[in-house]
Amino acid sequence: MPTKAELTEELARLRQRVEEVESLEAERVMAEDALRESEERLRDFAAAASDWFWEMDAELRICYLSERLREVTGVNPAEVLGKSRLELGAGDTDADKWEAHLADLRAHRPFRDFRYVYVAADGGRQYWSISGVPLFDEKGVFLGYRGTGRNLTEEYNVRRMAFEAQDLLLQAVESFSDAVALFDADDCLLLFNESYLAFHHSSAMTIGPGMPFEELIRNQVENGMIPAAFGREEAWLAERMERHRNPSEEVEVERSDGKWLRIREERTANGGLFLTATDITETKTIERAEQEIRDRLRAVIDHLPAGLTLKDQDGRYLLVNQQFRDLFGLDGRDLVGATAFDSFNKSEAEVFNAQDRMVLKTGIPMEVESEVTRRDGSKVLAMVTRFPVLDSKGAAIGVGGIQVDITEMKEKEQQLREARDEAERANRAKSTFLANMSHELRTPLNAIIGFSEIMEQGLFGPLGNPHYSEYAEDIRRSASHLLSIISDILDLSKIEAGRMELHEEPIDIASVVESCLTIVKESAANGGLVLTSALPETLPLLHADKRSVRQILLNLLSNAIKFTPAGGTVVAEAALEESGRIALTVRDSGIGMAADDIEIVLQPFGQVEGAHTRSHDGTGLGLPITKSLAEMHGGSMTVESVEGEGTEIIVRFPAKRVVKRPAGGGASSQRLA
């Protein structure tokens, strides 16, 4: 049986053991609390992180996936568990990268940020990144892998969109015809297009991103590309850099190659600078051409033989040429911006303003003769034309004026008018004299003709000598010819003097034609011609002077017979035209005339020179008298002729002279003589 001392000692050992157990329990509880806190902290970190956790066994099959996989990728972990890395595959990941990754797994090497494409069962594609470390037991036996995974799909999409946006930006910049360049906040070149390079010519090969703007500009100056910088390079560079640092407005720069650039610079939100350069060479060329045209136009305007002005709606001069100043004695005065009241007396200025207002109101040009007082008090007579100046919509916005000095012209007009009046008086006196001489000239000629006919016919017995009969015939023929000439001259004189009287009555045109054919048929027969007429049966009457109509026909028939060689034809026609006019036509197959000769024969005493015309006597008054007689009846005469083919002359009487024929009246349709 143990002793008391032994019991006491055993009890002490038990108490110590209990204390040790209690201490160990307390430590265990503390350790469990720490572990629980650590696990909770780890879970919080895992929940807050975008990564998921995974584990593979020694056969490289997925044996664990955290629920975070579903949250960040939408993939059910159960679909992946138990699959090997080879079974999972790597989508269209680069083959070399995939083989290197498999080699790491087979060699049990750690790997970091292996990126690949995961293709889900529905065909969806995601970009994943995984990192892992191998696990070994205390004896170095491989147990598998443990690691994390991260979904990069959104990052890839954002990056792809950024790349696409940048590519679109580069394409857009490159498509600009203008030169485009972007500089960062440090004033270094970020991007540019081919057009920007083209403007730098020989130094284009040295240009690239990161190049400072000042270096770019200095290269242009050193290469002699900026004429404005010649001889003052540093000063020009300083001015250009100042404008560049504080861009405010567009700048036009001339290049040594003849090109002109319009440069525009704008600050970006991040402190950079966007530069565009537009080639305005063509515009500058046009501007220079326009300026040259304006200068030439100004020179032309100032040397016009007339004054030229432009006024606005308020009557202020916008343009005044030198001729206007000279015309009105205003040289040396500044007229642009002034009004008529500043240069002319009040009464004349009021007239000018009233005329301007009328043109503005009506939009109709106005032409007036004005006597204007010069500054020195002398007078000038001017023809002034005022016209409206219109805008693009057709509204009158001003008045233009053309002033021509007509003082000398008016004086010459007066002189010509006086000379014309004097000539007309002399001509009327001549015509009156010849008309008055009608009786005095014709009476003795008729006596000569009558006595010569008596002697020729031997009414009072024979003359004795046969030569006297020939002489009497010559006297009669010459006197008749002279009487014909004098009659034509006197008839024309009467017409010119206005003393020819028409005794108008309804006449039968057919009868007049027949009587005229009867008169000339002997001449036609002697000339070996065929003389015909064409007269409709229903031809109406004509209200006219019968003697004048007869004279018209005889003149035309005589001319046709005279100028038609033997074997030819002469036709006289009368017809009622659709217009209601009566037309008398004489047509022949004679020698004809050239078109230029027609105007000659229609003038008094006008004759066309030729071998045939010289063989016939005449004054050249037949056609002018015929034309005048037709016009006295309100009619007209037209002549058509072709050399070597013949002539057709038509005299037309107006419809108002046509008189309806009484019932039963008529005329034969065709007659031969």
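Buried here means under 20% relative accessible area. By that cut-off C516, at 0% relative accessibility, counts as buried, and so does C188, at 17%. Keep in mind that you're looking at a predicted model. As for cysteines pairing up, the disulfide count comes to zero.

Now zoom out. The protein has 673 residues, and 35% of them are buried. Its secondary structure comes to 18 helices and 24 strands. If you take contacts between residues at least 6 apart in sequence, 52% of them join residues at least 24 apart. The accessible surface comes to about 39700 Å², and carbon and sulfur atoms account for 54% of that.

Who are its partners? One is strand β20 (residues 582-588), which pairs with β22 in the antiparallel sense over seven bridges; in that pairing, D588 stands opposite T647. Another is strand β21 (residues 636-642), also antiparallel to β22 and joined to it by seven bridges. There, V642 stands opposite G646. The hairpin of β21 and β22 has three residues between the strands, and G644 takes a positive phi near 80° in it.

Then there are the aromatics, with 17 pairs in the count. Take W54 and F111: their ring centres are 6.3 Å apart and their planes sit at 20°, so the pair is stacked. This pair links distant parts of the chain, with W54 in strand β1 (residues 52-56) and F111 in strand β3 (residues 111-119), 57 residues apart. W54 is buried at a relative accessible area of 5%, and F111 is buried at 9%.

Y118 and W128 also pair up: with ring centres 4.1 Å apart and planes at 5°, they count as stacked because planes under 30 degrees apart meet that rule. Y118 belongs to strand β3 and W128 to strand β4 (residues 125-136), 10 residues apart. Y118 has 11% relative accessibility, so it counts as buried, and W128 is buried with a relative accessible area of 5%. Both belong to one aromatic cluster, together with W52, W98, F114 and Y116.

Which charged residue lies over the face of Y116? That's R85, at 4.5 Å from the ring centre.

How values were computed. Residues numbered from 1 in each chain as written. Predicted model: local features only at pLDDT ≥ 70, side-chain atom pairs only at ≥ 80, totals over all residues. Heavy atoms only, no water. Disulfide = S-S within 2.5 Å. Buried < 20%, exposed > 50% of the residue type's maximum accessible area, 1.4 Å probe, protein only. Pairing = 2+ DSSP bridges. Helix = DSSP H or I, 4+ residues; strand = E, 2+ residues; numbered from the N terminus. Contact = heavy atoms within 4.5 Å. Areas by Shrake-Rupley, 256 points an atom, 1.4 Å probe, with all protein chains shown as cover. Phe/Tyr/Trp six-rings, centres within 6.5 Å; stacked < 30°, edge-to-face > 60°. Lys NZ or Arg CZ within 6 Å of the ring centre and 35° of its normal.
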